[in-house]
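Hi everyone, thanks for making time. I'd like to walk you through one chain today, from the overall build down to a single residue.

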Amino acid sequence: MRQRVITAVVALIIFIPIIVAGHIWVDIAAFALGLVALSEVLIMRKKLLVSPEAIISGIGILAVIAPQSWWGELLPSYLKPWYVAYLFILLLLMRTVVSRNRFSFDDAGVITLSMLYIGVGFHFFIAARAISLVALLYALFIVWTTDSGAYMIGRKLGKHKLAPHISPNKTWEGSIGGSLVATIVGSVFWYFFPIGHFSLGIMIILTLIFSVVGQFGDLVESALKRYYGVKDSGKILPGHGGILDRFDSLLLVLPVIHLFGLI
């Protein structure tokens with residue numbers, strides 16, 4: 001527990017000034033976090049971090065994460081960002097041929113899905129901060145309070161397992177409690193620092209939806225780890241695991257918030 005607290009404090013000391021500063025600092029942080037998260041998937045998949053597929057996917061995920069404003073300066077008008085990302089997917093598919101199936105179609109599929117799953121999440125991390133600090137904090141508070149509320153309420157009242165096949169410690173009581181806490185905190189935060197054009201009633205419903213989506217993000221990453229037989233996605237954060245372990249919920253929440261036009 002002491003190690004977890006120390007890591008959390010140090011991480012927040014680094015993380016909070018970055019998101020407050022915004023601009024290029026958030027861009028750099030998103031790129032770095034995305035690359036580390038992708039490397040965690042590669043390691044779970046038992047792929048070398050210095051290999052053609054690692055280099056291709058690394059550059060590809062940077063293309064996915066890059067903020068929209070960059071593309072107008074870097075690309076001719078007839079090229080779209082999604083097409084650039086697709087070119088890297090094509091390179092992964094070509095790699096299956098030249099590697100003589102040492103790098104398989106399944107490998108290409110896992111890495112492609114990881115590029116999109118991680119890359120799109122961190123792309124909207126940048127997009128949220130570009131809208132305002134409030135927009136990003138709204139998403140972060142939903143994720144943090146859902147996680148904390150579920151943990152505390154689950155420990156006190158948890159009896160019915162939520163998904164024992166992939167995450168045996170999570171309970172329905174914790175899940176429901178975490179979403180209720182996040183809905184209250186997120187809605188109060190929105191009331192004093194509004195974003196978007198929805199009424200308070202609609203925002204309460206949306207905040208609840210975002211909290212549930214965040215829990216699915218956590219479960220998706222738990223399923224990934226269970227499939228590969230690992231406890232944590234990485235070891236970069238002592239006591240907490242890897243970057244995917246810490247950002248799994250946010251990677252799903254941010255694109256869904258964007259879907260509703262809030263970022």
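Let me start with a term: a contact here means heavy atoms within 4.5 Å. Among contacts between residues at least 6 apart in sequence, 69% join residues at least 24 apart. Now the ground rules. This is a predicted model, where local features need pLDDT of at least 70, side-chain atom pairs count only at pLDDT 80 or more, and totals for chains, interfaces and linings use all residues. Residues are numbered from 1 along each chain as its sequence is written, and side-chain values use heavy atoms, with hydrogens and water left out.

On to the fold. The chain has 10 helices and two strands (DSSP runs, H or I of at least four residues for helices and E of at least two for strands, numbered from the N terminus). Reading from the N terminus, the order is α-α-α-α-α-α-α-β-β-α-α-α. The radius of gyration is 19 Å, close to the 18 Å from the globule rule for 263 residues, so the chain is as compact as a globular protein of that length. That radius is taken over C-alpha atoms, and the rule is 2.2 Å times the number of residues to the power 0.38. The C-alpha trace spans about 55 × 45 × 30 Å along its principal axes.

Of the 263 residues, 48% are buried, meaning under 20% relative accessible area with a 1.4 Å probe, protein chains only.

Let's zoom in on one residue. Thr 183 sits in helix H8, residues 172-192. Is Thr 183 buried or exposed? It is buried, because its relative accessible area is 10%. Leaving out residues up to four places away in sequence, Thr 183 touches Ile 204, Thr 207 and Leu 208.

Methods
Buried < 20%, exposed > 50% of the residue type's maximum accessible area, 1.4 Å probe, protein only.
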